[in-house]
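Subject: Structure handover, with notes

Hi,

Here is the structure I promised to pass on. Please open it alongside this email, and my notes on what turned up follow below.

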Amino acid sequence: MSRDTALVSAEWAEKNLDAPGVVFVEVDEDTSAYDTGHIAGAIKLDWKTDLQDPVRRDFVNKSQFEALLSERGISNDDTVVLYGGNNNWFAAYAYWYFKLYGHGDVKLLDGGRKKWELDARPLVKDAVSRPATRYVAQEPDTSIRAFRDEVVDAIGTKNLVDVRSPDEFAGRLLAPAHLPQEQAQRAGHIPTAISVPWSKAANEDGTFKSDDELRRIYADAGLDDGRETIAYCRIGERSSHTWFVLQELLGHRNVKNYDGSWTEYGSLVGVPVALGDEPGEA
Amino acid sequence: MTAPTAAGCAAPDQAAPLPASLDLEKETVITGLVRAESGEAVPGAYVRLLDSTGEFTAEVVTSPAGQFRFFAAPGAWTLRALSRHGNGDTAVTAARGINEVAVTVA
């Protein structure tokens, strides 16, 4: 994968709003933004109600994913262009799902909703409906998803990349600072994880930095690209952003997103936790 | 009651009242308004909370009345607002409780 296949610019998007076989999808946790105005023709996916299992903690399974995409009118051979708020966090998370379930052509809109708004590009309130399809997903590709035992085993052996803010990494905050800080789990990070906040990979308008800048950021942080990498954050959406950068833009192999992330790891009994700004010992 | 594991990361409504469960003895709330030079409130501005090293910590979008709110920790922070009308920065030294800050964009 590379920037040319995984990313589209706002200019490209605006020219291809009506292109046949291209489906724009806004993905957010709070879809009220979509309802106040969205890219013309874009459908919405709600991160919580559409993409998470309603009962147990997991995301939608293969048949749930198939039913969702069929109902929203996405075909297997459509080019899916994802965008959203929060600097594309949830759009990147959805991108990771589409890859996990083997969708052929999926792309992120560079800069997401923020750049689109700051550029004063048009947003519309029209209701969008697409004819239903019969979407068929592939078996989940677990080569891009990490589970907790694998994460514990990775301490001191694989690259662990903590993409939360420095204060969350160090244990001074328990959640991103737009959320209240009362949380059940312990503060800190997985020992030996390097701290590379997701935001290092993005410009302030939400677009991704250049490939050269991105390569330098991870090299300077000590990421050994000869080893496997697991990225994590608090609930797995900011780390999808970093997974996208490493695997889809920079073409690293063997990068996994740990969607359990700190809300799982920080609640496990008996696992090691490191505090402070340094990675810590295995 | 929502289980902590189900709690997402999206920025909540910036105009909503502070949750009743919020403990202001413990929380450090940084809140305020984004205004244009004319004094008019700027809705839909992107407000970024940067830590003492300038690193991004969080971002919210201002409410229809131009309000924003962060839950931080005591210390030095910078608020940076981006909008169609321009950008602006304000430094704040926050303490526990509510810290009111204004950011002007031009």
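First, some housekeeping. This is a predicted model, in which local features need pLDDT of at least 70, side-chain atom pairs count only at pLDDT 80 or more, and totals for chains, interfaces and linings use all residues. Residues are numbered from 1 along each chain as its sequence is written, while chains are lettered from A and ligands numbered from 1 in the order in which they are written.

Let me start with helix H10 of chain A, residues 238–249. H10(A) has 12 residues and reaches 16 Å from its first C-alpha to its last, close to the 16 Å expected at 1.5 Å a residue; the expected span is 1.5 Å times one less than the number of residues. The helix is largely enclosed by the rest of the structure, because 12 of its 12 residues are buried. Buried is used for a residue with 20 or more other C-beta atoms within 10 Å of its own, exposed for 12 or fewer, and partly exposed for those in between, with C-beta atoms placed from the backbone. Among the buried residues are A:Arg238, A:Trp243 and A:Phe244.

A:Glu248 also belongs to helix H10 of chain A, and it counts as buried because 23 other C-beta atoms lie within 10 Å. Leaving aside residues up to four places away in sequence, A:Glu248 touches A:Met1 and A:Ala6; a contact means that the two C-beta atoms, placed from the backbone, lie within 7 Å. A:Glu248 and A:Thr5 are 243 residues apart in sequence, yet 8.5 Å apart in space, C-alpha to C-alpha.

Next, some backbone angles for you. Just after H10(A), A:Gly251 takes a positive phi of about 75°. Which residues other than glycine have a positive phi? One of them is A:Asn86, with phi near 50°, and A:Ser261 has a positive phi of about 50°. A:Asn86 sits in the loop between strand E4 (79–83) and helix H5 (89–100) of chain A, and is buried because it has 32 C-beta neighbours inside 10 Å. A:Ser261 lies in helix H11 (residues 261–265) of chain A and is buried too, with 26 C-beta neighbours inside 10 Å.

Now for chain B, which has 0 helices and 7 strands. Of its 106 residues, 39% are buried. Strand E5 (residues 75–83) of chain B pairs in the antiparallel sense with strand E2 (residues 46–50) over 5 bridges, where two strands pair if DSSP finds at least two bridges between them. In that pairing, B:Tyr46 has B:Leu82 as its bridge partner. E5(B) also pairs in the antiparallel sense with strand E6 (residues 86–94) over 9 bridges, and B:Gly75 stands opposite B:Ala94 there. A hairpin of 2 residues joins E5(B) to E6(B).

How many residues does each chain bring to the contact between them? Chain B gives 26 residues and chain A gives 36. On the chain B side, the elements that give two or more residues are E2, strand E3 (56–61) and strand E4 (67–72). E3(B) gives the most, with 5 residues.

Happy to talk any of this through.

Best wishes

Note on methods. Helix = DSSP H or I, 4+ residues; strand = E, 2+ residues; numbered from the N terminus.
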